[in-house]
Amino acid sequence: MKNVDKKSEAYDVTSLTSLEKLEPVRVRPGMYIGSTGSRGLHHCIWEILDNSIDEISNGFGDMACVTLNEDGSVSVEDNGRGIPTGIHPVKKINGVEMVFTQLHTGGKFNNEVYKTSGGLHGVGAAVVNALSKWMEVEVKRNGHIYAQRFEYAYDRHLKKDMPGTPVTDLKIIGDTDETGTKVTFMPDERVFSTVEFKLDVIEERLRELAFQNKGITLKLLCNWGENKIQREYHSERGLLDFIEYLNESKTPLHKEPILFEGERHMGDLNMEGEVCIQFTDSTNYHIASYVNNIPTTESGTHESGFKAGMTRAFKEWAKKLNLLKEKDAEFEGDDLREGMTAIVKIRINNPVFEGQTKTKLGNAEAYTMMNDLSYTKLSEWIEDNRDMASVIINNALNAALRREKIKKINDAEKKKVGRGTAPLAGKIAVCTLKDPSKCEFIVVEGDSAGGSAKQARDRRFQTIMPSKGKIMNTEKQKLENVLGSEELKIFNTAIGTGILENYREEDLKYDKIIILSDADVDGYHIRALWMTYIYRYMRQLISNEHLYIALPPLYKVYKESRGKDVTRYAYSDEQLSKAKKEVGSGALVQRYKGLGEMNPDQLWQTTLDPESRTLQQITIEDAVKAEKMISLLMGDVVAPRKKYMYKYAEF
């Protein structure tokens, strides 16, 4: 019989721990905001902003403003009705304190107050308070301005420090005829790995919200340093402006986008759907989907319903227009969507999301509603636009033929793998460990640097693939050309997941995919080409946090001192100044022109050693922005790219 420590058997009521008030949020923040990295940090803004947008989209107010304050805090202000300030008859505390200190508190559990809502769970405001060093709330209501402050501070009732503790009562600090709410919070660096907000991420979110809520005004103010920034977002045409923005760097096949909307009531559910579609000359497709203004980056039932209804409509009309004969192989949904940009949004009073971060919709009713709406409206559009519909259907039929051709290519590659003649032999240096969670796959620019990396690596867990210069720009290539690339074949075979709809996360052979290129213009271009390929064909590598950029040093600072070399490496001009001071007088500086200048020891110490290297994780902070940037920087339309490059010439 196995011996057991008697102390470990003592499991009684004293073993149970009860977390008080907002403590659960502090202990497990990822459950509420997804992560404690940059994504989670910005999610705090979205939680407060969603409450403002809920007010506006339900007809109360028309303006919201996000301000990045110089001290690192953020303010979100709206001109809605203002949070109720009265004393709750049961809780015996004021409404502001209820909203910001108690989970699942709000006016959104009752359809009489909000018709639809993004912040449905009623935890967002309290969660942000729990994860902040301090928070200040101002409410304009009933002719007065009210204010209350919360901090991570000592709770006199619980006799310990607690998150989101009210440190003042709700006080009247002035009078006004206006209404609205202003929330200012300081994110706590003890919770987040970074407390640095990204202007472009916030800007893109505000732009999206303005497109989705035509007629409202959203403002972004940045009070960092000497350069004050003030921007305003407003759209009068809504999704029509949105799709024009998304397709700025593409060539549309039809000038007027397809736009339709409809509503349905199913039991207690009230749903309103709106869709905007435009086909372009691109070989890829992009769907931006939303539920109650919230981006659903993992799609959901509303997006699936749209796809099914669209495919059904075009397949029926393909036969009616005699474009699809009985003996012909039918096109599939992906074939039809080639070159399509679509925005799919739904408002629903009781959405069922997967997780608090609300990235996937689960309501089966939304599937039925969007399926029927898309089928009906697109059937009507096809009947009125037969010539354009014929072009789209013929493109789908051609895509289906290419898909069959690609399948044959894939089958042939699988047979090669089975015979041991896969394109890996002699091309890459494979690590010895078989546990994917411990292994890294490193793509290195150039044969010279690749050779050094093969010598420098830790053979147990690091696989090296030398990349011969620049791979093809997959944004501009048809799928069969991409699959024909020898270098991409090697990469695909080594990674093991498959691509596009055949991607299987469980077949991934490496936890980290790392791109290592020179710190120059060509190196940046090589990075962009690899990221474009992975974004288009293996996007899950990014969304599941497997893709990284290795940052090689720009400078080596060294000198001989008492018979020993003193060496420091600098990854930026700021670090160069610090390195010079550390090395001292007489320091020599070498500017690395490329990875090939480093010997294996230097490459290991600066770029490959997990203990000392610098890795930058590539994330999809915003799927819409990522899609647009890939198309802008890698697409065929020159004017928008030139405009962007002039704007960011200094960067």
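# Why is it called that?

User: What does the side chain of Ser517 reach, and what makes that a polar contact?

Analyst: In this predicted model, the Ser517 side chain gets to the backbone oxygen of Gly523 at 2.9 Å. The cut-off for N or O atoms is 3.5 Å, so this pair makes it. That side chain also has a polar contact with the side chain of Arg527, at 3.3 Å.

User: Where does Ser517 sit, and how do you know whether to call Ser517 buried or exposed?

Analyst: Ser517 is in the loop that runs from β17 (512–516) to α16 (521–537). Its relative accessibility is 0%, and buried means under 20%, so Ser517 is buried. Once neighbours within four places in sequence are set aside, the residues in contact with Ser517 are Glu445, Gly523, Ile526, Arg527, Pro552 and Leu595.

User: β17 is part of a sheet. What makes a strand of that sheet an edge strand?

Analyst: The order is β16-β15-β17-β18-β22, an open sheet of 5 strands with mixed pairing. An edge strand pairs on one side only, and that describes β16 (462–467) and β22 (615–617). From one strand to the next the twist averages 25°.

User: How do you know that β17 and β18 pair, and which residue stands opposite Leu516?

Analyst: Pairing needs at least two bridges. β17 and β18 (residues 547–550) have 4 bridges, in the parallel sense, so they count as paired. Opposite Leu516 stands Ala550 of β18.

User: Which helices pack on the sheet, and how do they run relative to β16?

Analyst: One of them is α13 (residues 447–456), which touches β15 (440–445) and β16, with its direction at about 165° to that of β16. Another is α15 (residues 486–495), which touches β15, β16 and β17, at about 170° to β16.

User: Which residues of α13 are buried, and why can you say they're on the same side?

Analyst: The buried ones are Ala449, Gly450, Ser452, Ala453 and Ala456. Around the axis they span an arc of only 165°, which is why they end up on the same side of α13. On the face turned away from that buried side you'll find the exposed residues Asp447, Ser448 and Gln455. The cover over the buried residues includes β15, β16 and α19 (600–608).

User: What makes α13 and α19 roughly perpendicular?

Analyst: Two packed helices are described by the angle between their axes and the distance between the axes. For α13 and α19 the angle is about 80° and the axes are 8 Å apart. The roughly perpendicular range is 65 to 115 degrees, so the pair lands in that class. The meeting residues are Ala449, Ser452, Ala453, Gln455 and Ala456 from α13, and Pro600, Leu603, Trp604 and Leu608 from α19.

User: What is noted about the phi of Asn293 and of Asn322, and why is each called buried or exposed?

Analyst: Neither is a glycine, but phi is positive: about 80° for Asn293 and about 60° for Asn322. Asn293 is in the loop between β12 (286–291) and β13 (294–295), and its relative accessible area of 4% makes it buried. Asn322 is in the loop between α9 (301–320) and α10 (333–336). Its relative accessible area is 55%; exposed means over 50%, so Asn322 is exposed.

User: And Asn292: where is it, and what does its side chain reach?

Analyst: Asn292 is in the loop between β12 and β13. Its relative accessible area is 2%, so Asn292 is buried. The Asn292 side chain reaches the backbone nitrogen of Ile348 at 2.9 Å.

Notes. Residues are numbered from 1 along each chain as its sequence is written. This is a predicted model: local features need pLDDT of at least 70, side-chain atom pairs count only at pLDDT 80 or more; totals for chains, interfaces and linings use all residues. Side-chain values use heavy atoms; hydrogens and water are left out. Helices (H or I, at least four residues) and strands (E, at least two) are DSSP runs, numbered from the N terminus. Buried means under 20% relative accessible area, exposed over 50%, partly exposed in between (1.4 Å probe, protein chains only). A polar contact is a pair of N or O atoms within 3.5 Å; within protein, one must be able to donate a hydrogen and the other to accept it, and residues adjacent in sequence count only if both atoms are side-chain atoms. Contact means heavy atoms within 4.5 Å. Axes are lines fitted to C-alpha atoms, for helices over the stretch in contact, and angles run from 0 to 180 degrees between N-to-C directions. The arc is that of the directions from the helix axis to the C-beta atoms. Angles under 35 degrees count as roughly parallel, over 145 as roughly antiparallel, 65 to 115 as roughly perpendicular and the rest as oblique.
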